[in-house]
Structures are given as structure tokens and as C-alpha cells.
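Student: I'd like to learn how to read a model like this one. Can you take me through it feature by feature?

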Amino acid sequence: MYMKMHAFLATNEEFDIEYQRKKKQHKRFNPGHEQYPNNLTLSNLTFFLWVPTYLYSLQYPRTPRIRWGYLLERTVGIAVTITLYYIVLDQYVVPIMRDYPNRDPIGAYIDLLLPCLACIMIVFFMIWEYMLNWAAEVTRFADREFYRDWWNCTDMAEFARKWNVPVHKFLQHYIFEGLHSFHGYSKPTAMLLTFVYSSVLHELALSSMVRNPKLFIFCMQMLQIPLIYFSKVVRLDRYPFLANLLWWFSLVYGVPLILTLYIQDKSLPIYN
């Protein structure tokens, strides 16, 4: 909701600047902006909140009709993945978390590897394959590129671009381009600040869920920067299979590590 509201306000601010400038010059508006300020309505904002994109626009590519069979398939997929997610958490993750004080930390961490990986895969299908396509079908939104082949990634920078395309486009358009084009930062600096901004948002989201900010996920995400730089220095892209293997290693072992840090710290609501 925060990103949606930011996109709506920032884009309409750009429209308003052009609107006022051309109004003073008594010029006609470009076809892409001819609906402003008539778009500033509750119905238009409500429609944007339902469209599965964080980029606000006056017009979107639309499908001719709602495919009710496809919509039913997505609905069933949402129900199935939510059920599977609950089962994995309830049967394989929460028991380890509750019994963690009585177990060997390394053994508990190893036992969390496969359940956490299963959760990652289930969440991916739940959100990017089913929920976003459900919202796209309801709103007849035609752009269905919600993810790319993230499983072939060779580093975390590529993963950030491919895992969550809507959020990546938001960060690229409103944060990176704003810092680089409007505020005049160099591309490397703008990219670094965008990465910091994303890390802060992830930390805020996780801290609100666990009700205790610890900066674990922020530090883990910021650690990716020297790792990305190192992979470029050693030209790891020359060995795509090895680079992809190392990336999968970081994904499989990274998420359980973050969870273990929170468990070790006893900062989860489950212990309160």
C-alpha cells in the first residue's frame, strides 16, 4: 500500500508539473497525459490498488474479457498453496522453533534447511503465480511478467531483478531514476542507495512481524553488496554453472540462517 500510494502521488505530481507548464503556455497536452486531472478520482485510485503493478499509469494493456475458468484455477491454486504453507510451517518449522532451546543449534539449523526451502517455493507460487495472476485476471491486466527465470541467477543482483519484477520496476523507476536523474547522483551511488532503501523496507516489514527490530535481514542484504562486487572482480560470470550453484547455496542456507538468528535471540513472538 505504501508503494502504491507513493507511485500514485509521484506520477500525478509529474503530470501536474507538465499540466501547469502547458497551461501557462496555452499548449495542448500529450495523448498520454490528456486524462489528467480527470483521473484524480476514488474509482481510479481503487482500480490502481487492485492492478498487480506498482507503476501508476493512465492506461494499461488490457485483456478483452475475464476468463472465468482461468480465474477459478488461480483461486484453487491460492487455496492449495496457503494450505501447503500452513502444513509445512505447523509440522516442520514451528516444532523446531519451539524446541530450539533444548536442541543442538547446528542440528536444528540443518533440520530447517528443507522446510525453509519448501516455504520459499510455496510462497513463490502462492504470490507470483497465483495471487498476482488472480488480480490481473480480475482487473483484465494484460502484462503478466511478474517474474523471470530467477532459478538461473548467478548472483543476488540478478535475483533482485528477476524474483519480483513489480517491485524491481518500482525501485528502478521511482527510487533509482529519481536519485540519478532528478537528484543527480551517479549510477553506482544511486544503485547503492536503492539497495539500502530496499534493505530498509525489508527490515521494517520483518521487524513489524516479529515485533522486535534486530537488523538481521538488513545486515544480510547489505552483505550481498561485497559478494556481488567480488563475483564481478573474479569474473564469476565466466563459469555460469558454478555461479548458479553458489547462488542456490546462498538461497538454501541464507533464509534458515536468518530464522535461526531470530530464534537464537528469542525475539520471535512465539517465545513471548
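**Reading burial, contacts and helix packing**

Tutor: Start with Lys162, which is buried, its relative accessible area being 15%. Buried means under 20% relative accessible area, exposed means over 50%, and partly exposed is in between, with a 1.4 Å probe and protein chains only.

Student: What sort of model is this, and how are residues numbered?

Tutor: This is a predicted model, where local features need pLDDT of at least 70 and side-chain atom pairs count only at pLDDT 80 or more, while totals for chains, interfaces and linings use all residues. Residues are numbered from 1 along each chain as its sequence is written, and side-chain values use heavy atoms, leaving out hydrogens and water.

Student: Where does Lys162 sit, and which residues is Lys162 in contact with, leaving aside its neighbours within four places in sequence?

Tutor: Helices (H or I, at least four residues) and strands (E, at least two) are DSSP runs, numbered from the N terminus. Lys162 is in helix 5. Contact means heavy atoms within 4.5 Å. With neighbours within four places in sequence set aside, Lys162 is in contact with Tyr147, Arg148, Asp149, Trp150 and Cys153.

Student: Which side chain makes a polar contact with the side chain of Tyr147?

Tutor: A polar contact is a pair of N or O atoms within 3.5 Å; within protein, one must be able to donate a hydrogen and the other to accept it, and residues adjacent in sequence count only if both atoms are side-chain atoms. Here the partner is the side chain of Glu129, at 2.5 Å.

Student: How do I compare separation in sequence with separation in space?

Tutor: Check C-alpha distances. Tyr147 and Ser231 are 84 residues apart along the chain, and their C-alpha atoms are 23 Å apart. Tyr239 and Thr154 are 85 residues apart in sequence, with 9.1 Å from C-alpha to C-alpha. Tyr239 itself is in the loop between helix 9 (224-233) and helix 10 (240-265), and is partly exposed at 45% relative accessibility.

Student: What about the chain as a whole?

Tutor: The chain has ten helices and zero strands. Its C-alpha trace spans about 75 × 50 × 40 Å along the principal axes. Of the 272 residues in the chain, 39% are buried. Among contacts between residues at least 6 apart in sequence, 67% join residues at least 24 apart.

Student: At what angle do helix 3 and helix 4 pack?

Tutor: Axes are lines fitted to C-alpha atoms, for helices over the stretch in contact, and angles run from 0 to 180 degrees between N-to-C directions. Helix 3 (residues 68-98) and helix 4 pack at about 160°, with axes 9 Å apart. Angles under 35 degrees count as roughly parallel, over 145 as roughly antiparallel, 65 to 115 as roughly perpendicular and the rest as oblique. Helix 3 and helix 4 are therefore roughly antiparallel.

Student: And helix 6 with helix 7?

Tutor: Helix 6 (residues 165-182) and helix 7 (residues 187-210) pack at about 135°, with axes 9 Å apart, so they are oblique to each other. Among the residues making that contact are Phe170 and Leu171 of helix 6 and Ala190 and Met191 of helix 7.
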